[in-house]
Amino acid sequence: KRITMNTRRLAAVSAVAAMLATLLADPVAAQSTSAELIYGLNDKLLIVAVPITLLVEGILLYAVLKFRRNDDPKPTKENRRLEITWTIATAVILLFVGVASYGVMADDSVEFTGGEDAVAPEENDVLIQAQAYQWGWDMTYPEQEVTVSGAGEGPTIVVPANQDVYINVSSRDVIHGFHVPKLGLKSDAIPDQTNYIKTNISETGTYQGYCSEYCGVAHSKMYFTVEVVDQAEYNEWLADQQAS
């Protein structure tokens with residue numbers, strides 16, 4: 001019996017410790033405005049999820065300990081107040097999750113649909129046309145008349161740090177997906193439709209991107225790279241591309 005009780009206590013303590021470690025852990029640094037919005041949404045959902053988890057697990061543990069030796073179990077009686085209470089509580093939680101999620105999804109810093117009129121880049125902002133096809137990417141800077149391509153790991157997009165970047169995502173054949181996980185960038189590439197991603201990347205570095213929608217036999221080869229550099233290095237790279 002002592003071993004059983006000790007095991008239960010250890011399991012309960014471990015669960016609580018894991019939840020506390022999750023709450024106290026340093027949040028992941030956001031490399032872009034898009035990632036910052038997504039991480040912020042995750043934090044809000046975590047604040048709601050942890051108390052609910054503790055409550056449910058607490059009730060479960062209480063029921064297990066209280067009725068573990070009940071040799072004559074009986075069905076519970078109807079309790080309309082309890083049913084109404086948990087129905088309203090569930091509706092409130094779902095409403096909170098829906099409103100918080102819509103606030104992120106509807107933010108123009110994440111993704112929006114529209115034509116060229118919906119995009120208003122300012123001076124030094126970057127506009128890139130990312131057109132997917134089976135099985136690769138055409139990455140074009142229309143204002144600079146520059147197109148980049150690459151073999152193996154796919155084309156490399158070079159953008160300046162701390163500057164607004166607009167990415168025009170489209171497809172010339174089937175549905176694809178533009179996805180850069182570490183930057184919080186993701187958009188469907190749909191034929192005859194233009195989706196825009198607007199972001200601002202704060203940290204220089206190299207970030208891997210790929211097609212996130214299964215599109216055929218060579219889907220796994222649809223990689224590309226986003227290289228974030230300072231403004232001077234970006235200007236130099238752009239000048240080299242235009243010269244060549």
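This report describes the aromatic ring pairs of a predicted model.

A pair of aromatic rings is described by the distance of the centres and the angle of the planes. With rings counted as paired if their centres lie within 6.5 Å, the count comes to 5 aromatic pairs. Two of these pairs are taken up below.

In the pair of Trp137 and Phe178, the ring centres are 5.7 Å apart and the planes stand at 85°. Planes over 60 degrees apart count as edge-to-face, so the pair of Trp137 and Phe178 is edge-to-face. This pair links distant parts of the chain, 41 residues apart: Trp137 belongs to strand 3 (residues 136-141) and Phe178 to strand 7 (residues 176-180). Trp137 and Phe178 also belong to one aromatic cluster, which they form with Phe224.

Tyr234 and Trp237 form a stacked pair, with 6.3 Å from centre to centre and 25° between the planes. Both residues lie in helix 4 (residues 231-243), 3 residues apart, which is about one turn of the helix.

The relative accessible area of each residue in these two pairs is given here.

| Residue | Relative accessible area | Class |
|---|---|---|
| Trp137 | 3% | buried |
| Phe178 | 0% | buried |
| Tyr234 | 4% | buried |
| Trp237 | 18% | buried |

Buried means under 20% relative accessible area, so Trp237, at 18%, is classed as buried.

A charged residue also sits at a ring: Lys66 lies over the face of Phe67, at 5.6 Å from the ring centre.

Note on methods. Residues numbered from 1 in each chain as written. Predicted model: local features only at pLDDT ≥ 70, side-chain atom pairs only at ≥ 80, totals over all residues. Heavy atoms only, no water. Phe/Tyr/Trp six-rings, centres within 6.5 Å; stacked < 30°, edge-to-face > 60°. Helix = DSSP H or I, 4+ residues; strand = E, 2+ residues; numbered from the N terminus. Buried < 20%, exposed > 50% of the residue type's maximum accessible area, 1.4 Å probe, protein only. Lys NZ or Arg CZ within 6 Å of the ring centre and 35° of its normal.
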